[in-house]
Amino acid sequence: MYPPDDLPPERIGSQIWQAMRLADVRRPRVCLIATAVGDSREYIDRWYQRAASAGDADLSHLQLFVQPNVDDVRAHLLAQDVIFVSGGSVVNLLAVWRAHRLDEILRECWEAGVVLAGQSAGSLCWHLGGVTDSFGDDLDRVDDGLGFLPFSNGVHDDLDEQPRRTRYRELVGRGELPPGHATEDGVALHYVGTRLHDVLGVLPGRSAWFVEPDGAGHYREKALPARYWIS
């Protein structure tokens with residue numbers, strides 16, 4: 001999920017609230033990983049403000065620049081109920097995570113039942129790949145995601161400033177990306193294991209899309225209307 005421009009300010013951060021709710025514990029332990037924005041102090045401070053308004057929780061963050069801010073990264077992450085990953089550069093995120101062996105640690109967390117969540121790059125990273133503006137607005141294929149989920153992922157599917165919708169579908173249709181799910185801004189995919197369980201939205205009328213090759217070099221898609229879950 002990524003907050004759309006027309007999302008009311010009071011609903012910014014609702015994806016954090018939903019991830020905390022999925023943890024199903026009274027006081028969840030929630031850790032932010034903001035590698036994709038270079039551990040921006042401004043981003044981290046703003047996240048703490050938003051997460052604090054989402055409910056009673058023990059909040060922390062993991063930074064990797066210039067070195068980890070916790071003594072035992074693996075122990076810290078395995079102790080969490082929710083790990084939330086920021087948006088930003090998915091290419092930089094994957095490179096730095098692999099250098100610090102976070103790819104292995106996060107798989108342990110996932111297999112242990114920790115809720116893994118995030119927006120934009122923090123959604124794409126769990127999948128096999130997608131399209132990214134890490135190199136420029138023309139968009140490039142990224143095909144070395146963590147692959148916990150056996151799908152590709154198209155984020156910002158209705159973003160007017162970039163041809164994300166078109167580019168993602170072209171790559172899937174040509175077989176350069178595997179079938180997967182694209183999301184309009186404000187829409188979240190909820191997986192249980194590797195199965196898509198629900199599609200959630202913070203604004204009415206938004207959708208996700210299942211996109212797959214049609215066998216003739218093009219694509220076909222199926223709309224997955226989001227369940228509006230904020231009253």
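In helix 4, the residues V90, L93, L94, V96 and W97 are buried, where buried means under 20% relative accessible area, exposed means over 50%, and partly exposed is in between (1.4 Å probe, protein chains only). Helices here are DSSP runs of H or I with at least four residues, strands are runs of E with at least two, and both are numbered from the N terminus. This is a predicted model, in which local features need pLDDT of at least 70 and side-chain atom pairs count only at pLDDT 80 or more, while totals for chains, interfaces and linings use all residues. Residues are numbered from 1 along each chain as its sequence is written, and side-chain values use heavy atoms, with hydrogens and water left out.

What lies over those buried residues of helix 4? The cover includes strand 1, strand 3, helix 5, helix 6, strand 5 and strand 6, judged by contact, meaning heavy atoms within 4.5 Å. An α-helix has 3.6 residues a turn, so residues three or four places apart point the same way. After helix 4 comes R101, with a positive phi near 65°.

A nonpolar core is a set of buried Ala, Val, Leu, Ile, Met, Phe, Trp, Tyr and Cys residues joined through side-chain atoms within 4.5 Å. The largest one holds 37 residues, of which L77, W97, L102, L106 and W126 touch the most other members. Two or more residues of this core come from each of strand 1 (29–33), helix 3 (73–78), strand 3 (82–85), helix 4 (90–99), helix 5 (102–111), helix 6 and strand 9. Helix 4 gives the most to this core, namely five residues. In soluble globular proteins, nonpolar side chains tend to be buried together.

Take L106 as a place to look around. Once its neighbours within four places in sequence are set aside, L106 is in contact with I33, L77, I83, W97, L116, W126, L146 and F148. Apart from this core lies another one of 17 residues, including Y43, W47, A57 and F84.

A75 is found in helix 3 and is partly exposed, with a relative accessible area of 39%. From A75 to A99 there are 24 residues in sequence and 18 Å in space, C-alpha to C-alpha.

Next, visit helix 1, which is mostly covered, with seven of its 10 residues buried. Those seven are S14, Q15, I16, Q18, A19, M20 and A23. They pack against strand 1, helix 2 (41–52), strand 3, strand 4 and strand 10 (195–201). Just after helix 1, D24 has a positive phi of about 55°.

Helix 1 (14–23), strand 4 (115–118), helix 6 (121–124) and strand 9 (187–192) each supply at least two residues of the lining, and strand 9 has the largest share, with six. By class, the lining has 19 nonpolar, 10 polar and no charged residues; here Ala, Val, Leu, Ile, Met, Phe, Trp, Tyr, Cys and Pro count as nonpolar, Asp, Glu, Lys and Arg as charged, and the others, Gly among them, as polar.

Strands pair if DSSP finds at least two bridges between them. Strand 10 and strand 13 are parallel, paired over two bridges, and G201 has Y228 in strand 13 as its bridge partner.

Our last stop is strand 5. Strand 5 (residues 129–132) pairs in the parallel sense with strand 7 (residues 152–154) over two bridges, and G130 stands opposite N153 in strand 7. Strand 5 also runs antiparallel to strand 6 (residues 140–142), joined by three bridges, with T132 opposite D140.
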